[in-house]
Amino acid sequence: MSQIISVRNLSKSYGKHQVLSDVSFDFEGGQIIGLLGPNGSGKTSLIKILTGLINDYSGEVLIDGNKPGKVSKSLVAFLPEKTYLASWMNADDAVNYIADFYDDFDKVKAMHMMDVFQLPHKQKVKTMSKGMQEKLQLLLVMCRNAKLYILDEPMGGVDPAARDFILETILKNRPEGSTILMSTHLIQDVEEIFDSILMIGRGSLLMKDTVANITKSGKTINDIFKEVFSVDWNF
Amino acid sequence: MTGTSKPKGKFLMLLKNDFLASARVISLFYIALIILFGIFGICNLIGGSDSINMELIEKATSVRNVSIVLSIVVSFLLIFVTFFFVVYDFFKSLFSPQGYLSFTLPVSSNQLLGSKVIVYGGWMLLSYAAFMFTSVYLMNYTANEVVGRDKISLIESLLTMLGDFPSTTQIVAYLVYMVLMFFVIFLSFVSIVYFSITVSHIRQLQKHSVIASIIVFFITALVFLWISFKMTDIVNFVMVFNEDKTLSFGILSENEYLVGNKLGMEVTPGFAFLILDVIMFFATSHIMHKKVNLK
């Protein structure tokens with residue numbers, strides 16, 4: 001299988017502050033990858049580079065063989081941590097907007113999911129609760145038949161019931177053969193779904209392995225995470 | 001699954017969605033203007049009718065007068081509302097969290113910027129056209145009512161006083177020149193505004209983005225003026241209205257056409273502004289692509 005993500009000697013700095021330093025890794029398609037690391041580890045910068053939001057970096061980044069740009073953006077379905085929809089849009093407007101730009105967007109499925117999620121079609125985004133906005137954004141991403149899904153903290157700041165709902169929606173609607181790169185702090189809740197782990201800390205790649213290899217020793221990913229990053233909290 | 005998409009098709013989608021985003025507010029003012037013109041027209045019909053009683057005619061005249069004033073006010077407000085949208089939507093759709101959506105669309109930053117310039121440029125020009133039309137039409141109408149004389153005949157009398165100079169061709173050329181200059185200056189204004197907002201969102205400036213954008217705006221505007229003055233000093237391309245009713249173009253010094261009792265319009269500043277607009281477009285797009293940092 002070809003490499004869906006290929007990163008070579010990636011470095012990124014903001015002035016004198018180095019956020020990513022000579023990071024290299026590859027992933028084959030068809031996996032669920034956990035992007036793990038504490039706050040300020042460089043996860044968000046890496047995601048922004050992969051999604052084409054940051055373009056001034058050194059090194060090489062390829063998404064399914066394409067540099068971040070128009071083609072790669074049409075292959076990637078990105079769920080940012082923030083609410084990115086325009087406040088004037090209603091749910092139907094948001095669906096139509098995404099359908100206009102992505103040929104792989106399944107509008108019929110989106111309309112159906114809106115009913116399943118009990119999202120009023122004509123309610124404006126600005127009047128929706130945070131939970132409704134998150135549902136809508138998740139729906140917009142998961143109704144695409146994308147090659148790569150990049151989900152930035154999809155379960156951040158939601159209650160356990162909502163976490164299960166989000167996770168189920170992601171797994172149920174993920175097209176066969178697609179890849180998911182998911183950043184999260186809630187390792188315990190999701191570690192069983194990961195095929196591979198990418199651990200980033202202090203701007204460097206600390207671990208890249210399959211879950212099968214990591215858990216051979218009987219340790220969980222959560223245990224490994226604590227081992228790797230506990231040094232940051234021990235003074 | 002489709003990996004690639006037609007760039008032109010996506011650009012049309014950008015135009016469509018930028019238009020829809022702006023039309024939901026701006027169009028309300030046009031609807032108000034159309035309604036006011038409708039009221040004005042109906043009241044005019046009532047006022048001009050012989051078969052309707054005087055009381056109704058007086059009421060219709062009052063309503064018509066109010067509609068004239070309101071039409072001018074609404075068309076004037078339209079310019080400000082449109083300008084507010086030109087700035088607000090550019091900021092909101094690109095540099096607020098909405099930017100996470102805009103900048104991950106399968107389009108280039110040139111297309112993102114181009115779409116906004118076309119859509120908002122169109123709205124701005126339309127708002128000026130609506131204001132000019134409303135003002136000229138209704139003021140001319142009022143003048144007819146009050147003075148009892150057609151404005152056009154007044155202009156004709158003034159032109160007669162000037163003799164045969166300028167000719168109709170020269171007047172038309174002058175009007176075309178004014179419209180084009182207005183368009184170029186307006187374009188420059190928008191390009192400077194967009195450039196300022198974009199620059200103020202690079203990482204080093206975004207903590208003080210409002211102040212930064214204001215400072216960058218004034219500095220860039222001054223640079224625009226300085227460059228246009230310098231270019232005019234070097235090559236002063238002028239459209240000259242000759243006394244023999246003809247038009248000519250040439251590179252003249254300021255004294256040449258003033259001392260020579262000629263009327264001339266400088267063309268170089270327009271060209272300078274146009275060149276600078278193109279440079280600004282690509283500079284803004286480059287900064288947007290390479291330097292902007294979304295929070």
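**Stop one: a residue inside chain A**

Select Thr184(A): this residue is buried, with a relative accessible area of 2% (buried means under 20%, using a 1.4 Å probe and protein chains only). The model is predicted, so local features need pLDDT of at least 70 and side-chain atom pairs count only at pLDDT 80 or more, while totals for chains, interfaces and linings use all residues. Residues are numbered from 1 along each chain as its sequence is written, chains are lettered from A and ligands numbered from 1 in the order written, and side-chain values use heavy atoms, leaving out hydrogens and water.

Thr184(A) lies in the loop between strand E7 (179–183) and helix H7 (187–190) of chain A; helices (H or I, at least four residues) and strands (E, at least two) are DSSP runs numbered from the N terminus. Now show what surrounds Thr184(A): leaving aside neighbours within four places in sequence, its contacts (heavy atoms within 4.5 Å) are Leu35(A), Leu36(A), Glu153(A), Val190(A) and Phe194(A).

**Stop two: where chain A meets chain B**

Next, select both chains. Here 30 residues of chain A are in contact with 33 residues of chain B.

Finish on helix H2 (70–75) and helix H3 (91–101) of chain A, the elements giving two or more residues to the side that touches chain B. H2(A) gives the most, with five residues.

Notes:
Buried < 20%, exposed > 50% of the residue type's maximum accessible area, 1.4 Å probe, protein only.
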